[in-house]
Amino acid sequence: ALANSLDASSVNNWAPLTFESGVFEGLGNTIDRLSVAGSGAGLFAYCSGTLRDIGVLDANITGTDEVGALVAENDFGGIVLNSYSTGTVSGSGKVGGLVGLSFGSMANSWSGAAVSSSGSNSAIGGLAGQSQGSIENSYATGTVGASGGNDAVGGLAGVEAAGEISG
C-alpha cells in the first residue's frame with residue numbers, strides 16, 4: 001500500500017515497477033512530479049494485478065512501445081480502479097494519459113494529462129493508447145495530438161480493439 005503521498009521530483013528517471021498479482025492499494029494518495037523516460041514508461045511498466053485508488057500528478061512521461069502515466073501495459077487480468085493522472089505523456093507506440101496498452105479493465109478512472117506522439121503508426125488516447133479490454137465510467141479531459149503519420153487518435157482511447165466502453 002502507498003501509505004503517504006510522495007513527491008518524486010528528486011528522482012531523475014524513475015525505474016518503472018512491475019506488479020504481477022494481488023492488489024496495490026493507493027489509499028487515495030498520489031505520486032507527484034514523476035519523471036520517466038524509456039520503453040515501457042510509467043509509474044508501473046507492467047501490471048496483471050489490481051491498481052486502485054492512486055493518482056499520478058504533474059507527471060512527465062516520455063517513451064516508446066507502451067507509455068502511460070500510471071501503467072505502460074495493463075495485461076490480461078489487470079484492473080485499474082479509481083485512479084487518475086495529470087501532466088504530460090508523450091512518445092510513440094501505444095501512448096495514453098493513464099495507460100498505454102490495456103488488455104485488462106479500467107473503471108472509475110480519469111486523466112487530465114496532455115498526450116502526444118511524434119511517431120508514426122501510433123495509438124494515442126486521452127485515457128488509453130490502445131484498449132483491448134473494458135473501460136467503464138471513465139473519462140479524459142487533456143489534449144490529445146499526433147504529428148507522425150497513420151496514427152489512431154482518440155479522446156478516450158486511440159484504439160478500442162476488442163473490448164467495450166460503457167458508462
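Which residue is the bridge partner of E73 in β10? I started my notebook with this one, and I found that E73 is bridged to L101. A reminder to myself before going on: this is a predicted model.

**Entry 1: the strands around that bridge**

I looked up the two strands next. Strand β7 covers residues 71-74 and strand β10 covers residues 99-102; they run parallel and are joined by 3 bridges. I then asked which sheet they belong to, and I found an open sheet of 6 strands with parallel pairing. Reading across, I noted the order as β2-β5-β7-β10-β15-β20.

Which strands stand at the edges? I wrote down β2 (17-19) and β20 (157-160). Each has a single partner strand, so one side of each is left without a neighbour in the sheet. I also checked how neighbouring strands of this sheet are turned against each other: the average is 10 degrees, with direction ignored.

**Entry 2: aromatic rings**

I moved on to the rings and counted 6 aromatic pairs in the structure. I took F19 and F24 to begin with. Their ring centres are 6.1 Å apart and their planes stand at 80 degrees; an angle over 60 counts as edge-to-face, so that is what this pair is.

Are these two residues buried or exposed? F19 counts as buried at 15% relative accessibility, and F24 is buried too, with a relative accessible area of 18%.

F24 has another partner in my notes, F44. This pair is also edge-to-face, with 5.3 Å from centre to centre and 75 degrees between the planes. I was happy to see that the pair links distant parts of the chain: F24 lies in strand β3 (residues 23-32) and F44 in strand β5 (residues 44-47), 20 residues apart. Like F24, F44 is buried.

**Entry 3: positive phi values**

Most residues other than glycine have a negative phi, so I went looking for exceptions and wrote down two.

D53 is one of them, with a positive phi of about 55 degrees although it is not a glycine. I placed D53 in strand β6 (residues 50-68). Its relative accessible area is 18%, so D53 is buried.

N108 went down next, with a positive phi near 50 degrees, and N108 is not a glycine either. Where does N108 sit? I found it in the loop between β11 (105-107) and β12 (110-111). With a relative accessible area of 38%, N108 is partly exposed, whereas D53 is buried.

Terms used: Residues numbered from 1 in each chain as written. Predicted model: local features only at pLDDT ≥ 70, side-chain atom pairs only at ≥ 80, totals over all residues. Heavy atoms only, no water. Phe/Tyr/Trp six-rings, centres within 6.5 Å; stacked < 30°, edge-to-face > 60°. Buried < 20%, exposed > 50% of the residue type's maximum accessible area, 1.4 Å probe, protein only. Helix = DSSP H or I, 4+ residues; strand = E, 2+ residues; numbered from the N terminus. Pairing = 2+ DSSP bridges. Axes fitted to C-alpha atoms, helices over the stretch in contact; angles between N-to-C directions.
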